Amino acid sequence: MTRRMFAALSATMMVAALGLGGCAGGDGAQESGGASDAGATEEPTAAKTQETEPAGEPVELQIFAANSLTKAMAEAQELYTQQNPNVTFGDTQYEASGTLNEMLGAGQYADILITASKGTMDDAVEAGYVDEATRNTMFTNQLVFVTKEGGELADTDVTLEDVAAGTYTLSVGDENVPAGNYACQALSTVGAYIEPDGATGADATGKGGEFSDTLKDKVTLGGKVGDVCKYAETGDVDLAMVYTSDVYRMGGVSICSVVPDDTHKAITYPGAVTAQSENAEAAKAFLEWCMTDEDCAKIWQEWGFDMATE
């Protein structure tokens, strides 16, 4: 082979080698670009994962609430879970406020207690059932005379004096039912209910007393405010003394008149986190939301409750 032919062959081989190096470099660049692209596609995926994960650890809250809150509380809980998917609610127990305290005293578990009177929450605080530092007045209500919807008394403006005179049969809650306590306080102002110490109106407890001779044979007691309302709805009694919210909740009755506010203690609904709660922070957050969320406020108002101002 001549030198000229060898030189030409060497040159050809060098060019080929350089070409191979260029392809290798191109593949390397493509792999590097591919890795870069993969990183770019993974980043939004990570962001998406972060957006869809729950706001916190799953929590189930157990609530003990006064009977009159049944319908409103169910709607409030549904709305809260929509806004806070990590929070759900157990089988909420709706009972007379005194019964709720008895349940806590018997060792039943709850994260939150909401009663229908200041007195029953005072009892819960004294017994150590709730954390007093978390206590707040949440709602207010009114006491009203109701009668069967469309009945003879539907358009009658009933007064306490009418009831004291024995004109009508009446249903009120028993001593374990705050609505019954308020009713007896109001009746005491016209002598239809007599407290052991003679106290009347807002100074009375509505417990431990007796109905007047004129009224005692005309009164039917109910173990729940819903039962009291039902007696009027069915016509078993002429009138019942219940909350405004019960008219919305139960239906079948009409309001005859509002019982004057100055004849009984203010009707309030205090709420508090229980002393035994294992989800105290989540429970406190729910109670605060109940009192501050605008959409939730509409629920309470639709069911006949007013937001507390204190």
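**Figure 1. Contacts across the whole chain.** Take the contacts in this chain between residues at least 6 apart in sequence: 75% of them join residues at least 24 apart. Keep in mind as you look around that this is a predicted model. The chain holds ten helices and 15 strands. Of its 310 residues, 44% count as buried. The chain exposes about 15,800 Å², and carbon and sulfur atoms supply 50% of that area.

Figure 2. How many of the nine residues of helix α3 are buried? Seven are, so this helix, running over residues 97-105, is mostly covered. The buried ones are Ser 97, Gly 98, Thr 99, Leu 100, Asn 101, Met 103 and Leu 104. Here is a handy rule for reading any such view: an α-helix has 3.6 residues a turn, so residues three or four places apart point the same way. What do the buried residues of α3 pack against? Their partners include three strands you can pick out here, β2 (63-66), β4 (93-95) and β5 (112-114). The helices α4 (118-127) and α6 (178-188) are packing partners too. Just after α3, look for Gly 107, which takes a positive phi of about 95 degrees.

Figure 3. Rolling a probe the size of a water molecule over the atoms shows where empty space is left. A search of the whole structure finds one cavity of 30 Å³ or more. The volume of the largest cavity is about 60 Å³. Which residues line it? Among them are Ala 66, Asn 67 and Ser 68, then Glu 95, Ala 96 and Ser 97, and also Val 177, Pro 178 and Ala 179. Ala 116, Val 225 and Tyr 243 belong to the lining as well. Sorted by class, this lining has eight nonpolar, three polar and one charged residues. You have already met Ser 97: this cavity-lining residue is also one of the buried residues of α3.

**Figure 4. The largest pocket.** About 410 Å³ of space lies in the largest pocket. Of the 21 residues that line this pocket, the closest to its centre are Ser 117, Lys 118, Gly 119, Thr 120 and Lys 265. Which helix gives the largest share of the lining? That is α4, with five residues. At least two lining residues each come from α4, β6 (136-140), α6 and β14 (268-273). By class, the pocket lining divides into five nonpolar, nine polar and seven charged residues.

**Figure 5. Val 158 in its loop.** Val 158 lies in the loop between β7 (143-148) and α5 (160-164). Is Val 158 buried or exposed? With a relative accessibility of 3%, Val 158 counts as buried, because the cut-off for buried is under 20%. Leaving aside its neighbours within four places in sequence, Val 158 is in contact with Phe 145, Val 163, Tyr 168, Leu 239, Cys 256 and Ser 257. From C-alpha to C-alpha, Val 158 and Val 146 are 9.1 Å apart in space, and they are twelve residues apart in sequence.

**Figure 6. Two buried cysteines.** Cys 256, which touched Val 158 in the previous view, counts as buried at 12% relative accessibility. Cys 184 is buried too, with a relative accessible area of 5%. How many disulfides are there? The count comes to zero.

Technical notes:
Residues are numbered from 1 along each chain as its sequence is written. This is a predicted model: local features need pLDDT of at least 70, side-chain atom pairs count only at pLDDT 80 or more; totals for chains, interfaces and linings use all residues. Side-chain values use heavy atoms; hydrogens and water are left out. Helices (H or I, at least four residues) and strands (E, at least two) are DSSP runs, numbered from the N terminus. Buried means under 20% relative accessible area, exposed over 50%, partly exposed in between (1.4 Å probe, protein chains only). Contact means heavy atoms within 4.5 Å. Accessible areas come from the Shrake-Rupley method with a 1.4 Å probe; for residues, only the protein chains shown count as cover. On a 1 Å grid over the protein atoms alone, a cavity is a set of points where a 1.4 Å probe fits but cannot get out, and a pocket is an open set with protein on both sides within 12 Å along at least five of seven lines; lining residues have an atom within 4 Å of a point. Grid points are joined across faces, edges and corners, and a volume is the space filled by probe spheres set on the points. Ala, Val, Leu, Ile, Met, Phe, Trp, Tyr, Cys and Pro count as nonpolar, Asp, Glu, Lys and Arg as charged, and the others, Gly among them, as polar. A disulfide is a pair of cysteine sulfur atoms within 2.5 Å.
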